[in-house]
Amino acid sequence: MKGEVSLGKEFTKGLWRENPVLVMLLGLCPTLAVTNSVKNALGMIGAVFFVLTCSSIMVSLIKKLVPLQVRIATYIVIIATFVTMADRFLAAYFPALSKALGPYVPLIVVNCIILGRQEAFASRHGVVASVADAVGMSLGFGIALMLLSSIREILGNGTWLGVPIVKGLFTPWQVMILPAGAFLALGVLVSMVRYFKNR
Amino acid sequence: MKESFKIIVVLTLSALLSGAVLAWFNQFTEARVIENRLAELRKSLSEVVPGMTRYDDLVRERNFALYKVWAGDSVAGYAVEAVGNGYQDKIRVLFGVAPDFSRIYALRVLDQKETPGLGARITEPWYLKGWKNRAATLLVLVKGREATKSNEIQAITGATITSRAVVSIVNKGLVRAKKELSNVLGNDSKGEAK
């Protein structure tokens, strides 16, 4: 195990320096699929936040008990348990959101941000540091999804969180809420992040 | 040997624990999930058959369902849930029919993944209005003009495939519903004859 870890540093690295979506380009499948509206993005952010934080706590607690050979299998079982809980919770209390997110909530099981954090961080650090890491990464994921979904919903539908905000300014650019718009918006966003980071 | 034993124990325990946690958690959500589904169906049914107070399931399949809808003690009509291929994916619709199958009361789109701004406009009120009080016979799609006859449905400009798909889903649904009902009625009369 590494010596002292700075909690603040573990927390903030996910926001910008090691942002899971914009810098490490992980978890792009849900990122591209659910950012067609801000509401869907918020649902996905909430689910990922819950799953990532809970999984990191569990993994950091049981890290010494799990044999090296089956660690991935064990992590996946833990992640799948929390994902199923999140999925059932959404289906019970937010049926419309659950329907809009469709298969992308169950698919969090195979989201590489979550498994990646268990393997790279939670399985090597204590509970507190793992929570700081997980919350930071979730927020980084959240920032990226909010940026993407805001761009796509405003340009593609003329609304933000369902509220019309560009009345008459321009005709909504429908391609932005289609899959092609996701790739366009993400490409522009990632190249901008790269530009500012390398300056 | 010792190592492989440890692997078996860890994997078995984590799977068992995960199952137990999920079974426990399901208690809190299952009832609400079923309730949500029923409430949604009830809402759609009351939108396509006027005056709905309760309904019976007559047929319930993956791609077809037939409901008998009651208004108080009299039959208000039937509701047909039908599925077919749209432009992108399956389209699932629900429509209400008068008890004598003379006309379609109204139509709702339950599920669709058509192109936003084109095919997806089948969920918009102005399009659904075009389905109000149509003749429950073979429906035809008309393009570039308003529907004048009672069996005509106006197409959405730029979404001919989707418009055509909805009409064909409803036509097939109607045929199937009539067949199912004649079976049910046939069985009933046989029962009475005994």
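## Report on chains A and B

The secondary structure of chain A amounts to eight helices and two strands. The model described here is predicted. Read from the N terminus, the elements of chain A follow the order α-α-α-α-α-α-α-β-β-α. Its radius of gyration is 18 Å, close to the 16 Å that the globule rule gives for 199 residues, so chain A is as compact as a globular protein of that length.

Chain B has three helices and eight strands. From the N terminus on, these elements are arranged as α-β-β-β-β-β-α-β-β-β-α. For chain B the radius of gyration is 23 Å, whereas a compact globule of 194 residues would have one near 16 Å.

The table sets out some overall values for each chain.

| Property | Chain and value |
|---|---|
| Extent of the C-alpha atoms along the principal axes | Chain A: roughly 60 × 45 × 25 Å |
| Span of the C-alpha trace along the principal axes | Chain B: about 80 × 55 × 25 Å |
| Residues that count as buried | Chain A: 43% of 199 residues |
| Residues that count as buried | Chain B: 26% of 194 residues |
| Share of contacts with a separation of 6 or more that join residues 24 or more positions apart | Chain A: 76% |
| Share of contacts with a separation of 6 or more that join residues 24 or more positions apart | Chain B: 47% |

In soluble globular proteins, nonpolar side chains tend to be buried together. The largest nonpolar core of this model holds 45 residues, of which A:Met44, A:Ala47, A:Val48, A:Val51, A:Ala86 and A:Phe141 touch the most other members. Two or more residues each are given to this core by α3 (38-62), α4 (71-93), α6 (112-122), α7 (127-157) and α8 (179-198) of chain A. Another core, of 38 residues, lies apart from it and includes B:Val49, B:Ala65, B:Tyr67 and B:Leu107.

For A:Ala47, the contacts are A:Ala86, A:Leu90, A:Val105 and A:Ile108, when residues up to four places away in sequence are not counted.

### Helix α8 of chain A

The 20 residues of α8(A) should span 28 Å at 1.5 Å a residue, and the end C-alpha atoms are 29 Å apart, which agrees. Buried residues of this helix are A:Gly181, A:Ala182, A:Ala185 and A:Leu186. They cover an arc of only 120° around the axis, which puts them on the same side of α8(A). The partners against which these buried residues pack are α2 (28-34) and α7 of chain A. On the face of α8(A) turned away from the buried side are the exposed residues A:Ala180, A:Phe183, A:Gly187, A:Val188, A:Ser191, A:Arg194, A:Tyr195 and A:Asn198.

### A:Lys9 in helix α1

A:Lys9 belongs to helix α1 (residues 7-13) of chain A. With 13 other C-beta atoms within 10 Å, A:Lys9 is partly exposed, because a residue counts as exposed at 12 or fewer and as buried at 20 or more. Although A:Lys9 and A:Arg117 are 108 residues apart along the chain, a distance of 15 Å separates their C-alpha atoms.

### Contact between the chains

Chain A contributes 21 residues to the contact and chain B contributes 18 residues. The side of chain B that touches chain A consists, by class, of nine nonpolar, six polar and three charged residues.

Notes. Residues numbered from 1 in each chain as written. Chains lettered and ligands numbered in written order. Predicted model: local features only at pLDDT ≥ 70, side-chain atom pairs only at ≥ 80, totals over all residues. Contact = placed C-beta atoms within 7 Å. Nonpolar A, V, L, I, M, F, W, Y, C, P; charged D, E, K, R; others polar. Core = buried A, V, L, I, M, F, W, Y, C linked by C-beta atoms within 7 Å. Helix = DSSP H or I, 4+ residues; strand = E, 2+ residues; numbered from the N terminus. Rg over C-alpha atoms; globule rule 2.2 N^0.38 Å. Expected span 1.5 Å × (residues − 1). Arc of directions from axis to C-beta.
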